[in-house]
Amino acid sequence: MLKLENVSKIYYNNGIIATGFSKVNLELNLGEFVVITGESGSGKSTLLNVISGLDSYEEGEMYINGQETSHYTEKDLEQYRKKYIANIFQNFNLINSYTVYQNVELVLLLSGYKKSQVKKKILDIIDQVGLTKFKNTKVSKLSGGQKQRVAIARAIIKDSPIIVADEPTGNLDTESAKDVIDILRKVSKDKLVIIVTHNIEQFEEHATRIIKMHDGKIIENREIEKIDETNLIKETKFKKVTFFNKLRLGIRNTFNIKSKFLLLFMVFFFITSALFLEYTSFKLAESDIDNGVSVTFKDLSENRILIKKQDKTSFSEEDYSKISNLQNIDYIVKNDVFLDTQITISRSTTKGYGECWYATTINDVKNFKEQVDLGRIPEQENEAILQTSSKNYYIENFVDEVLEQNFSIKDSQENSILDGIKIVGIKFNENSNNYDSKIYMDSTQIEKLNTYMNEEYSTLKALFQNKYIQNKIVPSEKVEKENAIVSDDLKSLVKNGRIKGKDIQIEVSNIFYSDKINLTINNTYTEKSFTRLTGNDNYKLYGNAIFINNEVYDSLFNKQPYQSSVFVKDFENIDTTILELNNLGIDTKKVTDFKVITNDNYNELVQMIRTIVTIILIFILFFISYFIIKIILKSRAIYYTTLRMLGSSRKEVRKILDIELFINSNLAYFTSILIIYLTKINIINIQYLSKLSQFIGLWECVLIYVIIILMSKLLSRKVSKDIFKKSAISTYNEEV
Ligand code: ADP
Ligand code: MG
């Protein structure tokens, strides 16, 4: 028994007052088929919404089974709807992405029934409305009449005592409308059915009561058939929605719209990747700081001391033996330039990329005191050990293209400096992600390179007749040691062209030393006599050059070093060693002093910045994803509104959304983890990623997982709050 006493619905909109309906008195009972008509704007829908508990009312009192309802809160109204009301709408209000079966099932899942209990009942009702053939068809594929029949099935299955329908045939053709009305009457024999319509003729034969409204008031209330008044309205039985039902709906919602699933997945994948990248990039930056960086020095071993003589002369063998007699000295690297200069060694291969190369620094094989991981220790002068990452492409795949193979050392212009360096042993870097390479070679080979390096980084100038001249200086076997042969053209620089017997001074200088030698010009060449006198056949290039003896030429560069490095055995006592070296007249500098950053305050600063950036990033990510997810879910608002209209509470809706976002964020998270794993085991081979992946351990994974899950939870809370901000009907009206 439903009773309204002087009930009014008043709208307040920005200070404007509008009346939905006013002072309505009405008493309705089970078994009645009530038809409400009236022109548009007369208040029919408003009245239905109040009766349905979709909207509140401002005046009067509505009784259900004699109980007052004016004090109902939003929660009470949810319960009221669940217990008493089944709605049918002009716009059907179905879940388009669900099948017919799923739409009908949804009501029962939300009322706490178990899936297995309800199957027969659902199929029965689908049969009653004549849709058995379409039970597994998505609702979006049905015609209007069929959709309304699904809506009726959904209204009926709940077994609510009151069925409320607002213009259920408004969007249907006459034929379908008649169908729908017949079905509605048939399935609702002992219920209270309240129908709003423009088209009274369609319902006349079934109506037991006809109500006419005008301008918010009931102007006619005609009882056509008397119904027993004492019938008490039975409440629909319902339970709390079970966890499994929420889970079922959550999973169903995750995957039922593919584009939405992909978008959400991408948002979460983006968040996870951003977090992992941000975290690991910082770690990488931090580890660089820990190691220290130096532009000049590549070998930043903590036991390395750079040495120079205080009198600025080069080191003699005697100097070296004095130094090596000191207690704590492990070994001396005379030509230490190579410790810090990267050169390229390479060879052509028949496998892989066709060219195998390493950028390496150079060490003396004498200082290699460990075991090789592959191959053997060198025995010949031209044999060498290569130290590099075990993940190096050639070493992993075609080690026979490296081991026992001859490599060439090349300069930056790809010119070969030294050929026939045979790699016979391979040592792996401790950290397999460290791709820096070292080559250990015999000292004779290093000396050859040294001459080359000195030549490369030195400038040679000739001083003639108190003027520097620009001519190239070129070695030749045909020239005597004390002599020089020059071009005939230089005659113009001397009075009466007498150039033979004149002195010429050759100067060499580089960052370590400068030197000069005096030579006598004993001959000049013309284009004709060029090759005969100089042994050189490239007149075009060298037609202007000064030729000097090749051994003299080499001696300009083959100098004893001016700077060397010593390595100490015991790092703890490095300062004692430094003092001892100073006492020998040697200037010292620990190579670690050249590290750009070594102090701890800086690390703390980096930590702080990192924490702040991480927090800001999480905030930014949260709000970006919140807006994206909100937009994505906006298209789903009708779904959640439908759940509400079917009587779901905010908590239940949030739980279902929770599960959906939980599944999505987990899928995204574990995809990231999979990518990290594949990078770690080298199936994905991107150097930067593998560099980063080394910083990801269990703890990082757990931390980021917690952040992701918390974010998905907060997101679902915020979105569901938005959905519940307004009353169910106003959300509905906005959506439709
Ligand atoms: P009907 O369904 O009979 O066409 P309605 O119940 O929709 O009429 O509307 C009744 C009256 O209430 C109309 O004057 C309408 O303008 C007003 N009304 C309905 N909804 C609102 C609202 N949300 N805010 C303000 N006025 C409203
Ligand atoms: Mg209306």
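I count a charge as sitting over a ring if NZ of Lys or CZ of Arg is within 6 Å of the ring centre and within 35 degrees of the ring normal. By that rule I found the charged end of R252 over the ring of Y98, 5.4 Å from its centre. I also found K461 over the face of Y468, at 4.9 Å from the ring centre.

Notes on the source. This is a predicted model, where local features need pLDDT of at least 70, side-chain atom pairs count only at pLDDT 80 or more, and totals for chains, interfaces and linings use all residues. Residues are numbered from 1 along each chain as its sequence is written, ligands are numbered from 1 in the order in which they are written, and side-chain values use heavy atoms, without hydrogens and water.

Next, ligand 1. An oxygen atom of ligand 1 is 2.9 Å from a polar backbone atom of K44. For G43, a backbone N or O atom lies 3.0 Å from a ligand oxygen. For S42, the distance is 3.2 Å.

Then the aromatic rings. Rings of Phe, Tyr and Trp (its six-membered ring) pair if their centres lie within 6.5 Å; planes under 30 degrees apart are stacked, over 60 edge-to-face, the rest tilted. I have 26 aromatic pairs in the structure. F243 and F244 have ring centres 6.0 Å apart and planes at 65 degrees, so the pair is edge-to-face. F265 and F269 have centres 6.1 Å apart and planes at 10 degrees, so they are stacked. I see F255, F261, F265 and F269 in one aromatic cluster.

Notes. A polar contact is a pair of N or O atoms within 3.5 Å; within protein, one must be able to donate a hydrogen and the other to accept it, and residues adjacent in sequence count only if both atoms are side-chain atoms.
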